[in-house]
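Please look over the model shown here before reading the points below. They are meant for someone who has not seen it before.

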Amino acid sequence: MSERLRVEICVPHQHPALAGHFPGAPVAPGVLLLDLLLQAAQAHTGRALEPVQIPQVKFSAPLLPGQPARALLEIEGARLTFRLEHAGRGIASGTLLLGAA
């Protein structure tokens, strides 16, 4: 059985990860986007989810601080797939394999 959810994420301008990514022209780091998506999945399922492998991920456009992004997440067994968009444009997509936390 799979679970699907839609979530919105937004990286605030003052997030500490932006200071070094990139000074003067910050963009949300990919690892931060993955972490926010994983946190949303954990909040939805009510259980800890531990990524053990990232067999596929593609970052196709940057997400700037303060820009809202929408994600479609699907959790099926130990597999979490996602698609992240801003203003109808794909930002990232991929699959995370999950293990016991």
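The numbered points below go through the core, the salt bridges, some backbone features and a surface patch.

1. The structure is a predicted model. The remarks that follow should be read with that in mind.

2. The nonpolar core. The largest nonpolar core contains 26 residues, and those with the most contacts inside it are L33, L37, L73, L80 and L84. At least two residues of this core come from each of strand 1, helix 1, strand 3, strand 4 and strand 5. Helix 1 gives the largest share, 7 residues. In soluble globular proteins, nonpolar side chains tend to be buried together.

3. Surroundings of L73. What does L73 touch, leaving aside neighbours within four places in sequence? L73 is in contact with E3, R4, L5, V7, L37, A40, A41, L80, T81 and F82. Two of these partners, L37 and L80, are listed with L73 among the core residues with the most contacts.

4. The whole structure holds 4 salt bridges. One of them joins the side chains of E74 and R4, with 3.5 Å from N to O. It links distant parts of the chain, with E74 in strand 3 (residues 68–76) and R4 in strand 1 (residues 2–10), 70 residues apart. R4 counts as exposed because its relative accessibility is 58%, where the cut-off for exposed is over 50%. Another salt bridge pairs R70 with E8, whose closest N and O atoms are 3.3 Å apart. R70 is in strand 3 and E8 in strand 1, so this pair ties together parts that are 62 residues apart in sequence. Both R70 and E8 are exposed.

5. The pair R83 and E85. A salt bridge also forms between R83 and E85, with the closest N and O atoms 3.0 Å apart. Are these two residues buried, partly exposed or exposed? R83 has 40% relative accessibility and therefore counts as partly exposed. E85, at 29%, also counts as partly exposed. Side chains of opposite charge can pair when their charged atoms come close.

6. Two backbone features to check. The peptide bond from H21 to F22 is cis, and its omega is near 5°. F22 sits in the loop between strand 1 and helix 1 (30–45). A87 is not a glycine, yet has a positive phi of about 55°. Where does A87 lie? A87 is in the loop between strand 4 (79–86) and strand 5 (89–99). With 75% relative accessibility, A87 counts as exposed.

7. Q67, a buried loop residue. Q67 is placed in the loop between strand 2 (50–59) and strand 3. Why does Q67 count as buried? Its relative accessibility is 19%, and buried means under 20%, so Q67 counts as buried. A polar atom of the Q67 side chain lies 2.9 Å from the backbone nitrogen of L64. Not counting residues up to four places away in sequence, Q67 touches I9, C10, P62 and H86.

8. A nonpolar patch on the surface. Which residues form a nonpolar patch on the surface? The patch is made of I54, V57 and F59, which together have about 240 Å² of accessible area. V57 belongs to strand 2. V57 is partly exposed, with a relative accessible area of 33%.

Definitions and conventions: Residues numbered from 1 in each chain as written. Predicted model: local features only at pLDDT ≥ 70, side-chain atom pairs only at ≥ 80, totals over all residues. Heavy atoms only, no water. Helix = DSSP H or I, 4+ residues; strand = E, 2+ residues; numbered from the N terminus. Buried < 20%, exposed > 50% of the residue type's maximum accessible area, 1.4 Å probe, protein only. Polar contact = N/O pair within 3.5 Å; in protein donor to acceptor, adjacent residues only side chain to side chain. Contact = heavy atoms within 4.5 Å. Core = buried A, V, L, I, M, F, W, Y, C linked by side-chain atoms within 4.5 Å. Patch = residues over 30% accessible without salt bridge, like charges linked within 9 Å, V, L, I, M, F, W, Y side chains within 5 Å. Areas by Shrake-Rupley, 256 points an atom, 1.4 Å probe, with all protein chains shown as cover.
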